[in-house]
Amino acid sequence: MDENLMMIWQKCLQFMRDNLNAAEDNSDLKKLEKSFDLLFDKVQPVSLVDNNLTLMVPSDFYKEYIEDNYLSLLSAALKKNIGKGVKLWYSVMENKPVGLEKPVTMNMKGKTVPTPKIQETMPQGFSSNIVNPFVVPGIKKVNIDSNLKSDFSFENYVEGESNKFAATVARSIAKRPGATAFNPLFLYGGYGVGKTHLGQAVGLEVKSQFPDKVVLYLSSEKFIQQFISAAKAHKQTEFANFYQMVDVLIIDDIQFLSGKSATQDSFFHIFDYLHQNGKQIILTSDKAPADIMDIQDRIVSRFKWGLSAEIKSPDLETRKKIIVDKLSRDGIVLTEDMLDFLAAEAKTNVRELIGVINSVIAYSTIYKSDLSLELLKDTINKIAANQKKVINIPFIQEVVCDYFGIKREQLLSKTRKREIALPRQLAMYFAKEFTNATFTKIGEEMGGKDHSTVMYACETIKDVSKIDKEVKKYVKELTERIKH
């Protein structure tokens, strides 16, 4: 170890010890000094290069305890003995792998210090693919694939009464990511109403206006898969370090974190770090924050820190705008009656509407026919015939599980937790509404429940949906999903 560095560190320790807050009597002061000595006895200076001081600590606990209890005192000591602008780093010792004599360390930046010199590319041996996010901690601004689709731009986003507010906020965020009151931006609404498009539009605009910013879009399912892989490899720290590099984080379908407590813990700490450091967070969900079941209260409260904006199904005029915008890019023009027909047929969401439009274009091209109202009607009928689904109990279970973000095994279990019991009752209710199955048959399909349990569930949902707005909303939205 550098003797000069050790001497500087000893001076810092002495300064800190001399300036410990004096207690009311000597016995309390002695306790403070003993606690201080026990803590810093296992902290060693590693290097001091270009005002970057690295301290070796045994574990994350030591780092967090120092920053929570001694940071201001340590900062004063460093300023006195080294000078202004010291950048503090921690080298955290991890478990020693078999076959290695030296402990493995993990470098972590301190709270109050600016980021060291930016490295624009990843070190040799590390993939830039988001599938493998385990990169060297402390390396900033790595080249990663943002996973953004160029088609999902603001230019291609059609605004209407159903999405105008959300779109206006999104454009504002794109101009000043992380610097507005809309952080996080929580976009919610039904299936296929344009949440993903709007979230990605922000990312594309940020990449255009601020090329140096790291933007990342991914689904919550991908986030969960990455966390599981990290946990199995004991690389949770690297996982968190990767996401701490991101300037704009966009996560789709955040409701699927429901019931995954370990992943929620990791997400919570990543969220806090990004938010505290002025990074922009954009989340999408098929339901409002308060309606997501089996998710930590502290996470729900953070969803509400910024702005929650609902995107509703497009009205008739907006659907017309979408049709015109989509077809005009392909050089296709519709008559007014054809436009009215198409807009009236696809009422539920934007994704369904675009699917119809693409099918119409394909049929017109394949059969070399001019677009006509008759061709549109014929195309719609063929699409309906091809897409017709059999609504049975397994299908209803699948829809309900997807809606609430739970597994089928949970739905069929015996647990009475509300986050599972309510979806189970809804599944029984819809099984009776949409199939010809008897109460006994439904009970068998729902994990061997008694017919009286099914009867009770059906009556409960009917009664509660009349007085409980939340349950009424579930019934309405699930009915639409099952039908379509």
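A crossing of two helices is right-handed if the near helix is turned clockwise from the far one by less than a right angle, and left-handed if anticlockwise. Helices (H or I, at least four residues) and strands (E, at least two) are DSSP runs, numbered from the N terminus.

The model is predicted: local features need pLDDT of at least 70, side-chain atom pairs count only at pLDDT 80 or more, and totals for chains, interfaces and linings use all residues. Residues are numbered from 1 along each chain as its sequence is written, and side-chain values use heavy atoms, with hydrogens and water left out.

**Whole protein.** Start with everything shown as a cartoon. There are 20 helices and nine strands. Of the 484 residues, 47% are buried (under 20% relative accessible area; exposed is over 50%, partly exposed in between; 1.4 Å probe, protein chains only). The protein exposes about 25,500 Å², and carbon and sulfur atoms supply 50% of that area (Shrake-Rupley method, 1.4 Å probe; for residues, only the protein chains shown count as cover).

**Helices H8 and H9.** Select residues 236–244 for H8 and 261–276 for H9. Their axes come within 10 Å and cross at roughly 35° (lines fitted to C-alpha atoms over the stretch in contact; angles run from 0 to 180 degrees between N-to-C directions). H8 passes H9 in a right-handed crossing. Now show side chains: Phe239, Ala240, Tyr243 and Gln244 of H8 make the contact with Ser266, Ile270, Tyr273 and Leu274 of H9 (contact means heavy atoms within 4.5 Å). By class, this contact has six nonpolar, two polar and no charged residues. Ala, Val, Leu, Ile, Met, Phe, Trp, Tyr, Cys and Pro count as nonpolar, Asp, Glu, Lys and Arg as charged, and the others, Gly among them, as polar.

**Helices H1 and H4.** Next select residues 3–18 for H1 and 71–81 for H4, whose axes come within 9 Å and cross at roughly 130°. H1 and H4 are therefore oblique to each other (under 35 degrees is roughly parallel, over 145 roughly antiparallel, 65 to 115 roughly perpendicular, the rest oblique). H1 passes H4 in a right-handed crossing. On H1, show Ile8, Trp9, Lys11, Cys12, Phe15 and Met16, which meet Leu73, Leu74, Ala76, Ala77, Leu78, Lys80 and Asn81 in H4. This contact has ten nonpolar, one polar and two charged residues.

**Thr284.** Finish in strand E8, residues 280–285, where Thr284 lies. Thr284 counts as buried because its relative accessibility is 1%. Leaving out residues up to four places away in sequence, Thr284 touches Leu187, Lys195, Ile251, Asp252, Asp253, Ile254 and Gln255.
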